Amino acid sequence: MSNATIVWANDLNGVARYILEVQTGLDCNCVCPGCGARLEAVNAQNRYWKKRPHFRHYQAPELDDCAASAVLTAAKEIVKTITELKLPSFEAIQEVETPSVPEDSSSSGCHGKAVIESH
Ligand SMILES: [Zn+2]
């Protein structure tokens, strides 16, 4: 049994649900993302809880991977909602070959590098 608290689960349609958005008890209609067992929501709708709201396996043992699978479920749900991802700045230098220009051309021709910067 894991010491981690399960606060994410899948509903019967496979959609990730956070503990505070479901009904209390078996009315949460959720299953464990790890083992597929039915879950009951504890303190999901209790505003004055003493023990943190969480999902508990109903008539099934919690396996070692259940809590980890719940964390992955949460991570996948969060990634779905991201519309922008800020990355550290970088500089890329790309060599660009330009076509050679005949000597007798009036243009001077061009050879060089393209520098792409992002900050
Ligand atoms: Zn489980």
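Select Glu-40 in strand E4 of this predicted model, then find Arg-56 in strand E5, which is its bridge partner. The two strands E4 and E5 pair in the antiparallel sense, and four bridges connect them.

Next, display the whole of strand E4, residues 38-42. Which residues form its covered face, and which its uncovered one? Leu-39 and Ala-41 make up the covered face, whereas Arg-38, Glu-40 and Val-42 make up the uncovered face.

Strand E3 runs antiparallel to E4, and three bridges join them. Select Cys-30, whose bridge partner in E4 is Leu-39. The hairpin of E3 and E4 has six residues between the strands. Within this hairpin, pick Gly-36, where phi is positive, near 85°.

Stay with strand E3, which covers residues 25-31, and select Asn-29. Its phi is near 55°, a positive value in a residue that is not glycine. Most residues other than glycine have a negative phi. Is Asn-29 buried, partly exposed or exposed? Asn-29 counts as partly exposed because 16 C-beta neighbours lie inside 10 Å, while 20 or more would be required for a buried residue.

A second residue of this kind is Gln-59, which has a positive phi of about 55° although it is not a glycine. To find Gln-59, go to the loop between strand E5 (54-57) and helix H1 (66-81). Gln-59 counts as exposed because it has 7 C-beta neighbours inside 10 Å, and the limit for an exposed residue is 12 or fewer.

Select Ile-6, Ala-9, Cys-30, Leu-39, Ala-41 and Phe-55, the residues with the most contacts inside the largest nonpolar core, which has 17 residues. Strand E1 (8-11), E3, E4 and H1 are the elements that give two or more residues to this core. Which element gives the most? Helix H1 does, with three residues. In soluble globular proteins, nonpolar side chains tend to be buried together.

End the tour at Phe-55 and show its surroundings. Leaving aside residues up to four places away in sequence, Phe-55 touches Ile-6, Val-7, Ala-9, Ile-19, Cys-30, Leu-39 and Ala-41.

Definitions and conventions: Residues are numbered from 1 along each chain as its sequence is written. This is a predicted model: local features need pLDDT of at least 70, side-chain atom pairs count only at pLDDT 80 or more; totals for chains, interfaces and linings use all residues. Two strands pair if DSSP finds at least two bridges between them. A nonpolar core is a set of buried Ala, Val, Leu, Ile, Met, Phe, Trp, Tyr and Cys residues joined through C-beta atoms within 7 Å. Two residues are in contact if their C-beta atoms, placed from the backbone, lie within 7 Å.
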